[in-house]
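Dear colleague,

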Amino acid sequence: MATTQTKKSENHQQALALPGDPVLSALHDAEEEYKEFRALWDEQSAELEATTAKLADEENASKRLAAQLEATKKHLDEERKRAHRERNRSKELATCLKDVHRALFDGNIYSLILKACLTATGATRGLYMTARGSADFLKIRAAVDIDGYPAAPPSEFIKALCHKALEERDTVVCTHDDLSDLPDPSRPSERFQNCAVAPVVLMKNFDGIVIVADKMTGDFNEEDVEILLSVGDQASVAVENARLQQELQSAYLATVSMLADVVEAKDPYTHGHCEMVSRYARLTAEQLSLKDYERSLVCYGALLHDVGKICVSDGVLNKPGPLLPEERELMRAHVRVGHDLLARVPALQTVANVVLHHHEWYDGSGYPEGLKGEDIPIAARIVCVVDAYCAMITKRSYKDAYSDQRARDELHRCAGTQFDAKVVEAFIKVLDMPEATDEDEDYDAECGVLPGFGQLRELQYAV
């Protein structure tokens with residue numbers, strides 16, 4: 001400020017020294033003041049512009065940061081949703097694969113494998129095919145939402161898809177355009193928008209092919225391919241386990257058949273009796289809506305209910321008149337002998353309990369333990385009713401055959417004392433069913449899974 005005043009004084013003195021009008025001198029001073037003010041103004045304007053630019057840069061930086069934060073949040077939300085979807089899909093896949101490994105004897109293992117593939121990839125339609133070592137022998141085992149399959153043989157379009165995967169020796173992913181060079185689909189449901197075709201390898205040999213099609217969300221990707229290969233590996237293990245378990249069950253079934261044949265060989269009057277009781281008992285269990293395990297237990301229990309008679313002499317078995325008390329006790333012992341024989345076979349231990357109690361009476365007056373009412377296993381109660389009916393309508397050494405009506409009347413008369421009334425009612429309904437007259441000899445298949453196998457499987461996958 002002092003410097004400014006000094007300059008003004010010097011300028012004023014110079015103006016006084018100059019000749020002329022004092023007004024001009026004042027104007028000169030004003031001009032100098034204006035210049036100084038303008039310089040100060042320009043300086044402050046520059047500072048203001050710099051500050052404004054800085055604020056603008058900071059605002060832009062804030063916007064960019066906000067945009068980055070929003071993008072990060074969106075990405076995290078998408079990742080969270082994807083993780084949630086993957087977690088749910090993993091749970092569904094784990095459940096499907098567990099079902100696959102549980103279905104060793106159910107006959108639907110291929111359907112479950114296909115279901116697992118559809119669940120894992122989000123596809124809506126598909127096929128599972130097996131081949132006897134070559135793609136030239138394809139057989140459709142399971143189908144979802146593709147008309148005509150699995151009953152019909154694979155179309156040329158399906159065969160071409162399978163060959164495409166085999167030629168590339170890998171999983172093939174196709175869009176609608178990629179399918180244009182293949183034969184025309186034979187039915188509308190084969191017109192896929194997209195699909196993935198994965199070979200299934202079992203014990204280093206080509207075993208089959210899975211086709212999944214029409215994914216709900218977009219096209220199939222590498223992740224879907226990896227999942228298909230993973231399911232394929234599990235499927236291979238499950239199919240091989242099913243084959244090995246079937247072989248093991250066949251060995252047990254041979255034992256069952258042999259035991260049943262031994263009984264019939266000793267008593268000519270009982271030829272076909274065990275098979276008849278088994279068929280009727282299985283149908284009665286179905287009529288009572290018992291679970292598969294109980295049905296199997298009933299069926300095999302009925303088939304082997306008299307196996308203990310191998311300890312009874314032919315003279316007692318075929319005696320034409322009434323039995324002596326000692327002979328009656330020997331005959332009654334067949335239930336314990338049968339139980340002890342079967343209990344030695346792991347897969348038949350639960351069946352042994354049915355054999356032991358199939359002569360218990362509902363009112364508690366039966367043998368060998370005098371069990372009463374619901375304390376008698378339901379399988380044993382069913383065998384008790386059916387065995388009595390089949391014995392009545394069959395000619396024996398000590399009696400003639402009863403008529404069907406007379407045998408039915410006896411069942412009704414003894415319902416509530418010797419027999420469980422609800423079992424009698426269910427069995428009478430079975431006798432009027434067309435299936436009751438089926439006299440084929442394929443009782444092994446009709447009985448299904450051996451109870452010991454079924455129980456072991458349930459325990460294995462109970463967790």
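Helices and strands are named here as DSSP runs, numbered from the N terminus. The model is a predicted one.

I begin with the loop between strand 2 and helix 4, where Asp-145 is placed. Although Asp-145 is not a glycine, its phi is positive, at about 60°. The residue is exposed, with a relative accessible area of 53%. Pro-150 lies in this loop between strand 2 (138–144) and helix 4 as well, and a cis peptide bond with omega of about 10° joins Tyr-149 to Pro-150.

Asp-214 is found in strand 5 (residues 205–215) and is buried, its relative accessible area being 14%.

A further cis peptide bond runs from Tyr-367 to Pro-368, with omega near 10°. Pro-368 belongs to the loop between helix 11 and helix 12.

Turning to the packing, the largest nonpolar core comprises 49 residues, and Tyr-280, Ile-382, Leu-411 and Phe-427 have the most contacts inside it. At least two residues of this core come from each of helix 6 (273–287), helix 7 (292–303), helix 11 (349–357), helix 12 (378–392), helix 13 (404–414) and helix 14 (421–431). Helix 12 provides the largest share, 12 residues. Another core, of 23 residues, lies apart from this one; Ile-140, Ala-160, Cys-174 and Cys-195 are among its members.

With neighbours within four places in sequence left aside, Leu-411 is in contact with Val-385, Tyr-389, Met-392, Phe-419, Val-424, Phe-427 and Ile-428.

How do helix 12 and helix 13 cross, and within what distance do their axes come? The axes come within 9 Å and cross at roughly 145°, and the crossing is right-handed. On the helix 12 side, Val-385, Tyr-389 and Met-392 take part, meeting Asp-404, Ala-407, Arg-408, Glu-410 and Leu-411 of helix 13. Sorted by class, this contact has five nonpolar and three charged residues, with no polar ones.

With kind regards

Key. Residues are numbered from 1 along each chain as its sequence is written. This is a predicted model: local features need pLDDT of at least 70, side-chain atom pairs count only at pLDDT 80 or more; totals for chains, interfaces and linings use all residues. Side-chain values use heavy atoms; hydrogens and water are left out. A nonpolar core is a set of buried Ala, Val, Leu, Ile, Met, Phe, Trp, Tyr and Cys residues joined through side-chain atoms within 4.5 Å. Buried means under 20% relative accessible area, exposed over 50%, partly exposed in between (1.4 Å probe, protein chains only). Helices (H or I, at least four residues) and strands (E, at least two) are DSSP runs, numbered from the N terminus. Contact means heavy atoms within 4.5 Å. Axes are lines fitted to C-alpha atoms, for helices over the stretch in contact, and angles run from 0 to 180 degrees between N-to-C directions. A crossing is left-handed if the near helix is turned anticlockwise from the far one by less than a right angle, and right-handed if clockwise. Ala, Val, Leu, Ile, Met, Phe, Trp, Tyr, Cys and Pro count as nonpolar, Asp, Glu, Lys and Arg as charged, and the others, Gly among them, as polar.
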